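These are my notebook entries on a structure I looked through today. I kept them in the order in which I went from the whole chain down to single residues.

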Amino acid sequence: MKYNFLDLAKANEPYMQELQEAACNVIKSGRYLHGEQTNLLEQEIAGLCEAKYCVAVSNGLDALRLILRAYIELGVLHTDDHVIVPANTYVASVLAISDNGMTPCLCDARPDTMNMDTSLIENLMTPAVKAIMPVHLYGTPCWDEQLITIAKRYDLKIIEDNAQAIGAKASTPGINGTYTTGGLGHASAISFYPTKNLGALGDAGAVVTNDEELAKTVQAIANYGSDRRYHNIYLGLNCRIDEIQAAMLRVKLRYLNVENMRRSDAALAYDSCITNPLVTKPNIFDDMLQIWHQYVIRVKNRDAMRAYLEKNGVGTDIHYATPPHRQPCYRRFQSYRLPVTNAIADEAISLPIGHPITASEAREIANIINGFKG
Ligand SMILES: *Cc1c(COP(=O)(O)O)cnc(C)c1O
């Protein structure tokens, strides 16, 4: 394959020496959990998201689960509540809701952003809905006046799934007046899964919030439910982050802006060079900052395009061929009317945008795409 969809070894190669040194320092410190690296990472991530508190945890799904669980412990949410979540998302967003005994209410997507269509939220409202989980899919913020207005009117908690959009900026300010994703709503979850824009060398995630009580509760639940040593106030879990992963992430965090800019250059190159009328390109919005976790085109004859690209040395992927409501575990949602989500699932192709794709390689790939005749 001339243009790999993603080559993680190559993506991490430029940081090899710094990663090795950072890992070495953790090994020598003898402190492998709850140490300095975790504390510093938490401060840095809170700062990046323009929020007050960050609790680094085991992974992105746990971060989402912990937010909901903490709200339940605090009596703010309850296990039989309903939570609005986009149908076009990775299944983990929905699993976090189910895991807490809550009911996911799937909201269809908008064709232009591929994110949750906030104009449909009102139709989904029932007295059982107590929270909403916007997902900033593919690195495009899902945030507008309509979402804020409905959340205020119905007193909903807004929990951002920021797994794919660390460092992105919305066009409308969040409830605290800031613009960076992860600090827009009441709480947010980040994933540091290795393929994400800020990827660890294993599993890691974080909860971000301006709510001190929520942060403390998440911290306690993630550590056996203990507020202090050998004192368990909740039926807790073990969802901690490793010091080694925190150290790896602190190295890579220094290069996140450079990485996001490289992705943006590649996205702009795709946007200006792909001219094939059979291809619908993702929208670039002037009033927000998208961080291009994925560059997702839509093609009616998807399988033929993928086979053609494969034959011409371009690796691709699909996010997501089987959306949550078509998964066997969510059989009960399979008959839902979700036309935009279904169309995206049938037509989407993710082009290479993670390492090692440069803008000039994106132009070469665009030329190959333009040669596709259908
Ligand atoms: C990756 C991802 C998650 C889950 O994060 P993990 O760290 O893999 O548990 C949740 N939601 C979305 C939208 C994701 O892309």
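**Domains.** I took domain bounds from an automatic or database domain assignment, and for this protein that assignment gives domain 1 (8–253) and domain 2 (256–370). I looked up the C-alpha centres of domain 1 and domain 2, which lie 24 Å apart. The contact (heavy atoms within 4.5 Å) takes 40 residues from domain 1 and 33 residues from domain 2.

**Basis.** This is a predicted model, in which local features need pLDDT of at least 70 and side-chain atom pairs count only at pLDDT 80 or more, while totals for chains, interfaces and linings use all residues. Residues are numbered from 1 along each chain as its sequence is written, and side-chain values use heavy atoms, with hydrogens and water left out.

**Ile-67.** I found Ile-67 in helix H4 (residues 60–73), where helices (H or I, at least four residues) and strands (E, at least two) are DSSP runs numbered from the N terminus. Ile-67 counts as buried because its relative accessibility is 0%; buried means under 20% relative accessible area, exposed over 50%, and partly exposed in between, with a 1.4 Å probe and protein chains only. Leaving aside neighbours within four places in sequence, I noted contacts of Ile-67 with Ile-159, Ala-187, Ser-188, Ala-189, Val-207, Leu-214 and Val-218. Of these I checked Ser-188, which is 121 residues from Ile-67 in sequence but 7.9 Å from it in space, C-alpha to C-alpha.

**Strands S2 and S3.** Strand S2 (residues 82–86) is mostly covered, with four of its five residues buried. S2 pairs with strand S3 (residues 103–107) in the parallel sense over five bridges, and two strands pair if DSSP finds at least two bridges between them. I recorded Cys-107 in S3 as the bridge partner of Pro-86.

**The open sheet.** I then followed three strands that form an open sheet in the order S10-S11-S12, with antiparallel pairing. Strand S10 (279–280) and strand S12 (348–351) stand at the edges and have a single partner strand each, so one side of each is left without a neighbour in the sheet. Two bridges join S10 to strand S11 (residues 295–299), and Thr-280 stands opposite Arg-298 in S11.

**Leu-33.** Is Leu-33 buried or partly exposed? With a relative accessible area of 32%, Leu-33 is partly exposed, and I placed it in the loop between helix H2 (16–29) and helix H3 (36–48).
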